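I opened the model to look up its ligand surroundings and its aromatic rings. My entries follow.

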Amino acid sequence: MLPTRRELLEWAQELGFQDIGISNVDLSDQAPHVRAWLAAGFAGDMGYLTRNLEKRLHPELLEPGTCRVISARMNYLAADTRPLRVLHDASRGYVSRYALGRDYHKVLRRRLARLAERINRHLPAGQPAYRYRAFTDSAPVLEKALGEKAGLGWIGKHTLLLNRSAGSWFFLGEIYTNAPFPVDGKSVDDGCGKCNACITVCPTDAIVGPQTLDARRCISYLTIEHKGAIPEALRPAMGNRIYGCDDCQLYCPWNRAAPTTGEPDYAARHNLDNPALVELFELTEQEFLKLTEGSAIRRINYEQWQRNLAVALGNGPADAAAIQALRRRLPAASAMVAEHIRWALAQLQATP
Ligand code: B12
Ligand code: SF4
């Protein structure tokens, strides 16, 4: 016998998830939006979103036999990380709140695998085990659409999944399975209404319409996914955001009372919630690797790190420490980073 919905939720909560939902694998209503988004070029150079598109739209192609998806969500906003204060202090670097602690990929996947093991242990002796495969942000999976289908929230105008009691500061993870759980019929009403806060506040006007993000303009994409030079026109608007961006979440009314997490894995490490830009820029590659060990920030390399910091320094106060740090780095910097350093020095009205 499969566990009941209530047992499943209890086990998931013991593992640190706040909620789960179960859906079938029919994503046909999403396909036109996804195809239109890709055709518009909004994915930029994230070629992985186009590759495996059919698997993304059809879970049963990614994992044969899949008939159900258990979607789970886990809050990640650590308490006392003062996001707005840091964002408004131009001498400090703003790191997205999801990346302050331990890499969530490891945390979620491991716990989802434990949930799956527990489901199979629950089966009567002799009954063949069902198959389970856990994902979080690691495979061609349409996580937000699946989460919405499972009743975990609605897709907001900023394109993230959110709900009335939790806002949007949560990660998503899924278990694909051939176990025939009853699906959750619940659907969550869209709570965005006439609010356009995320669209208005986005520093680079990346949300080009409700539920439509031009990733090429999004600071999260520019600082994390994009490997090359950051378009000059977008640099001033990036401010001090050195890894990802949270503005569309920070100003969303549903996040005003959003719960924080007590999960030790997501507690900020190494002062990353309020770091001084100059200190980060002066790190050697070895020090950067040490600072980011076990962190999601490892998605970027040292060159991207220096590029992002050069932009933030160029947007910061023209103090002697910043100017000297930029000048010191110039001789050893790669051509791409050197170009960003020169841009930053020009912003600060200093010579190279
Ligand atoms: C690629 C990616 C990005 C890209 C592109 C983002 C995007 N919106 O597509 C970039 C690098 C910009 C990015 C940024 C961020 N990301 Co991201 N990202 C992903 C990833 C890997 C794939 C998303 C994807 O498939 N995008 C492609 C498009 C086609 O699909 P879609 O986003 O699902 O959006 C479509 C639907 O909304 C659909 N749609 C549905 N209904 C309707 C209705 C209408 C009318 C329309 C027009 C469209 C529409 O059409 C959209 C296309 O327009 C997922 C993990 C995953 N495997 O799903 C994480 C994920 C979405 N990211 C996440 C996070 C946390 C972020 C950031 C907050 C990180 C940060 N602080 O910097 C930002 C938020 C920026 C933003 N406003 O989206 C979380 C979101 C959790 C949540 N609560 O929703 C995810 C789910 C990772 C995870 N496992 O938790 N991300
Ligand atoms: S993450 Fe920042 S740049 Fe990207 S859409 Fe949201 S507010 Fe705009």
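I count a charge as sitting over a ring if NZ of Lys or CZ of Arg is within 6 Å of the ring centre and within 35 degrees of the ring normal. By that rule, the charged end of Arg73 sits over the ring of Phe170, 4.8 Å from its centre. Arg235 lies over the face of Trp343, at 5.5 Å from the ring centre.

The model is predicted, so local features need pLDDT of at least 70 and side-chain atom pairs 80 or more, while totals for chains, interfaces and linings use all residues. Residues are numbered from 1 along each chain as its sequence is written, chains are lettered from A and ligands numbered from 1 in written order, and side-chain values use heavy atoms, without hydrogens and water.

Next, ligand 1. I found 39 residues around it (a heavy atom within 4 Å). Glu143, Lys144, Leu161, Ser220 and Asp246 are the closest. The side chain of Glu143 has an N or O atom 2.6 Å from a ligand 1 nitrogen. A backbone N or O atom of Leu172 is 3.0 Å from a ligand 1 oxygen.

Where does ligand 1 lie? Domain 1 (5–90 + 101–177) and domain 2 (197–347) both give residues to its shell, so ligand 1 lies between them. The domain bounds come from an automatic or database assignment.

Last, the rings. I found eleven aromatic pairs (centres within 6.5 Å) in the whole structure. Tyr76 and Trp169 have ring centres 6.0 Å apart and planes at 85 degrees, so the pair is edge-to-face (over 60 degrees).

Key. A polar contact is a pair of N or O atoms within 3.5 Å; within protein, one must be able to donate a hydrogen and the other to accept it, and residues adjacent in sequence count only if both atoms are side-chain atoms. Rings of Phe, Tyr and Trp (its six-membered ring) pair if their centres lie within 6.5 Å; planes under 30 degrees apart count as stacked, over 60 as edge-to-face and the rest as tilted.
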